[in-house]
Amino acid sequence: MTLRKACTVAGAAARSGAGIQADLKTFQELGVYGFTAITAINAKHSSKEQGLFIQPLDAIEAQLLIMNEQNDIDALKTGMLFSKEIIELVANWLASTSIQNIVVDPVMFGKFGSPLLDFDAMETLKTKLIPQATIITPNMPEATYLLGGQKINSIEDLQDAARDLMQLGSKYVLVKGGRLQGPAVDILYDGNKMYKLEAPRIDTIHTNGAGCSYSAAITAELAKGKPMEEAVLSAKKFVTAGIKRFIPFEYAPGMIDHRAYKVYGEDEVQFNEI
């Protein structure tokens, strides 16, 4: 049996609950081999003035060049890229590769609302990277920013946002509605059909890494050859199981348990065309 390979281009998180660490845990649990290119290190601490350490462009480029030697990458995701220059570097590199499955998680804010995308990088993200994406996976604040301030307050708004985001050029859009009241609802759209994914809302603050792991799980399933609808459903189950069996931290919101889906499974996620 061939071991499929996936790559993540994203930031590293000091607590190891999000970012590249969450991506690698997800890849491992879902049975794909993970490559990485680190764009930044997020190590926010009250005793330090600086918490985000952006990597030099030549260091990021060197990691991407190593990926060029790996001609059998089955899927790739991007997470926190932060600056216009990094987005341009990654977008130009991607255009030179033959990678077919590209998942763009447009990371803009940290768990506490700290900015993870430079103000002047938005247009580059929209024009250089997103048009290359197989799927983009914004949460509600990210979708709002990508759409110039469009408000999202309901499932109907999620549907409208999915239609509008499709105009940016990706093949699929997944808008995550975790900040709405009631069940955790996401909308998947392919430009023709629209699907609703629904899971029970879990009362916890320990969701660190959920978004990163969701997009990483989609990446892993695409790497294994699953069609998009099946990949997104599996990823929703993976992250829902992880949130249910969260790992609490003492001084900050804890992370999801990446082992949970493999150990316990998940049967409460609903997937319906709407």
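User: How many aromatic pairs does the structure hold?
Analyst: The structure holds three aromatic pairs. Rings of Phe, Tyr and Trp (its six-membered ring) pair if their centres lie within 6.5 Å; planes under 30 degrees apart count as stacked, over 60 as edge-to-face and the rest as tilted. Keep in mind that this is a predicted model: local features need pLDDT of at least 70, side-chain atom pairs count only at pLDDT 80 or more, and totals for chains, interfaces and linings use all residues. Residues are numbered from 1 along each chain as its sequence is written, and side-chain values use heavy atoms, with hydrogens and water left out.
User: How do tyrosine 195 and phenylalanine 271 pair up?
Analyst: Tyrosine 195 and phenylalanine 271 are stacked, 5.1 Å centre to centre with 15° between the planes. This pair links distant parts of the chain, 76 residues apart: tyrosine 195 is in strand β9 (residues 194–199) and phenylalanine 271 in strand β10 (residues 270–273). Strands (E, at least two residues) and helices (H or I, at least four) are DSSP runs, numbered from the N terminus.
User: Is tyrosine 195 buried or exposed?
Analyst: Tyrosine 195 is buried, at 10% relative accessible area, while phenylalanine 271 is partly exposed at 22%. Buried means under 20% relative accessible area, exposed over 50%, and partly exposed in between (1.4 Å probe, protein chains only).
User: OK, new topic. At what angle do helix α1 and helix α7 cross?
Analyst: The axes of α1 (residues 19–29) and α7 (residues 210–223) cross at roughly 40° and come within 8 Å. Axes are lines fitted to C-alpha atoms, for helices over the stretch in contact, and angles run from 0 to 180 degrees between N-to-C directions. That makes α1 oblique to α7; angles under 35 degrees count as roughly parallel, over 145 as roughly antiparallel, 65 to 115 as roughly perpendicular and the rest as oblique.
User: Which residues meet there?
Analyst: Among them, Gly19, Ala22 and Phe27 in α1 meet residues of α7 including Cys212, Ala216 and Ala220. Contact means heavy atoms within 4.5 Å.
User: And what does valine 103 touch?
Analyst: Not counting residues up to four places away in sequence, valine 103 touches several residues, including Leu76, Ile135, Ser215 and Leu222. Valine 103 lies in strand β5 (residues 102–104) and is buried, with a relative accessible area of 0%.
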